[in-house]
Amino acid sequence: MIRASIVGASGYSGGELMRLLSAHPEVEIVAVTADQQRGRRVDESFPSLRAFSDLTMEAPDWEALARACDVVFLALPHGLSQEGAPRLLDAGVRVIDIAADFRLRDPALHQRWYGEHKSPALLAQSVYGLPELHADAIATARLVACPGCYPTASILAVVPALEWREPGAPIIVDAKSGVSGAGRGAGANTHFGEVNENVRPYNVGRHRHTAEMLQAFAAAGANEPVFFSPHLVPMTRGILATCYVRTAGAVEQAAAEETYRRRYEAWPFVRVLTDKLPETKATQGSNFCDIAVLAAPDQRLVVAIAALDNLVKGASGQAIQCMNLMFDLPQEEGLWAPPLYP
Ligand SMILES: NC(=O)c1ccc[n+]([C@@H]2O[C@H](COP(=O)([O-])OP(=O)(O)OC[C@H]3O[C@@H](n4cnc5c(N)ncnc54)[C@H](OP(=O)(O)O)[C@@H]3O)[C@@H](O)[C@H]2O)c1
């Protein structure tokens with residue numbers, strides 16, 4: 001059994017790790033941590049987990065975690081993983097970070113988007129945890145940085161279209177997120193009265209996730225600018241990203257569909273739709289990302305639409321998919337279940 005612990009278990013992505021790992025046949029959860037909620041049982045924090053865990057959440061003790069675990073999942077607010085990860089890695093424990101601390105490989109880029117990094121040397125060692133792009137590197141990684149929820153949807157949607165791109169033309173990502181994307185801490189912006197019956201754009205053209213998209217597209221040879229418009233919509237879970245790629249020539253619908261189908265045919269969690277458009281509800285609670293591509297050859301445009309559950313494929317499910325690869329398990333282990341519907 002893989003001995004795993006969850007740091008930040010009382011948060012939304014930590015709770016989702018608890019839910020999924022407690023049903024994983026190869027994992028034993030040995031420790032869980034929290035900050036304000038330390039001292040509480042997991043099922044006090046998540047009534048949904050009654051009968052699945054009798055663990056109590058403690059304050060993080062990095063030395064004790066290193067002794068007890070093979071792998072530690074970090075589900076902390078940005079900036080805190082930089083403190084714990086080096087100590088775990090020094091002790092030989094594998095680390096899977098769900099925060100943004102190790103996603104940008106270039107320290108200067110990290111500095112620009114997030115401020116100073118406390119362990120910049122680790123940035124070059126970390127592997128971007130998007131299995132459909134980096135499975136081989138994830139399999140041997142000591143430190144995996146899972147992508148953000150918006151970038152997971154956007155990168156999976158855009159990458160197959162990059163071969164047709166018009167050089168220099170901006171790639172446009174227009175995306176909507178459910179409110180759990182903002183974490184469990186209550187704030188005025190996520191209060192029911194603010195979110196209900198409202199659609200709110202925020203950080204348009206300057207959201208931090210733009211940096212991850214730029215990095216991923218550049219790694220695929222595309223240095224075009226990205227314009228990203230995120231929106232908060234009144235739903236609990238889900239990301240829907242509609243991505244526009246200007247093409248150098250006319251791309252026909254059949255060719256576009258065939259390219260996407262072939263690109264993801266070996267990847268069980270990406271479902272390429274040709275008869276319907278993706279919708280968030282069809283992915284809820286699951287590790288699937290549904291993608292459809294629409295070609296508009298007369299307008300020199302390809303539009304790719306992706307839907308996923310921000311807490312699963314956009315965070316904790318993807319982290320477990322990475323863990324499976326790191327421990328030589330089938331990537332679907334503990335994750336192969338149909339979404340909740342309706
Ligand atoms: N939510 C998503 O859809 C999503 C998707 C992808 C990535 N992420 C990333 O995942 C990370 C966690 O997000 P989340 O939405 O799960 O956040 P969250 O619901 O706010 O949970 C944060 C967790 O961190 C703990 N924590 C806070 N401050 C701490 C400290 N000083 N020391 C130790 N533990 C501390 C909290 O404990 P207490 O509850 O006890 O205070 C809680 O367990 C973030 O970096 C986020 O950007 C989130």
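A polar contact here is a pair of N or O atoms within 3.5 Å. With that in hand, let's look at the ligand in this predicted model. One of its oxygen atoms sits 3.1 Å from a polar backbone atom of Gly11. The backbone of Gln37 also takes part, with an N or O atom 2.6 Å from an oxygen atom of the ligand. On the nitrogen side, a polar backbone atom of Ser180 lies 3.0 Å from a nitrogen atom of the ligand.

How much of the ligand's accessible area does the protein cover? On its own the ligand has 900 Å² of accessible area, and the protein covers 79% of this.

## The shell around the ligand

In total, 28 residues surround the ligand, and the closest are Ser10, Ser13, Gln37, Leu76 and Arg184. Sorted by class, the shell holds 13 nonpolar, 12 polar and three charged residues.

Ser10 deserves a visit of its own. You will find Ser10 in the loop between strand S1 (2-7) and H1. Is Ser10 buried or exposed? Its relative accessibility is 11%, so Ser10 counts as buried. Setting aside residues up to four places away in sequence, Ser10 touches Thr33, Ala34, Gln37, Ser45, Phe46, Met57 and Arg184. Of these partners, Gln37 and Arg184 are also listed among the residues closest to the ligand.

Now for the protein interior. In soluble globular proteins, nonpolar side chains tend to be buried together. Here the largest nonpolar core has 80 residues, and Leu17, Phe73, Ile96, Phe217 and Met323 have the most contacts inside it. H11 supplies the largest share of this core, with eight residues.

Which residues does Phe217 contact, beyond its neighbours within four places in sequence? They are Ser154, Ile155, Val158, Val159, Leu162, Ile171, Ala222 and Val226.

## Thr210 in helix H9

Let's finish with Thr210, which belongs to helix H9 (residues 209-219). Thr210 counts as buried because its relative accessibility is 4%, and the cut-off for buried is under 20%. Leaving out neighbours within four places in sequence, Thr210 is in contact with Trp113, Val226 and Phe228. Val226 is a partner of Phe217 as well.

How values were computed:
Residues numbered from 1 in each chain as written. Predicted model: local features only at pLDDT ≥ 70, side-chain atom pairs only at ≥ 80, totals over all residues. Heavy atoms only, no water. Near = heavy atom within 4 Å. Polar contact = N/O pair within 3.5 Å; in protein donor to acceptor, adjacent residues only side chain to side chain. Areas by Shrake-Rupley, 256 points an atom, 1.4 Å probe, with all protein chains shown as cover. Nonpolar A, V, L, I, M, F, W, Y, C, P; charged D, E, K, R; others polar. Core = buried A, V, L, I, M, F, W, Y, C linked by side-chain atoms within 4.5 Å. Buried < 20%, exposed > 50% of the residue type's maximum accessible area, 1.4 Å probe, protein only. Helix = DSSP H or I, 4+ residues; strand = E, 2+ residues; numbered from the N terminus. Contact = heavy atoms within 4.5 Å.
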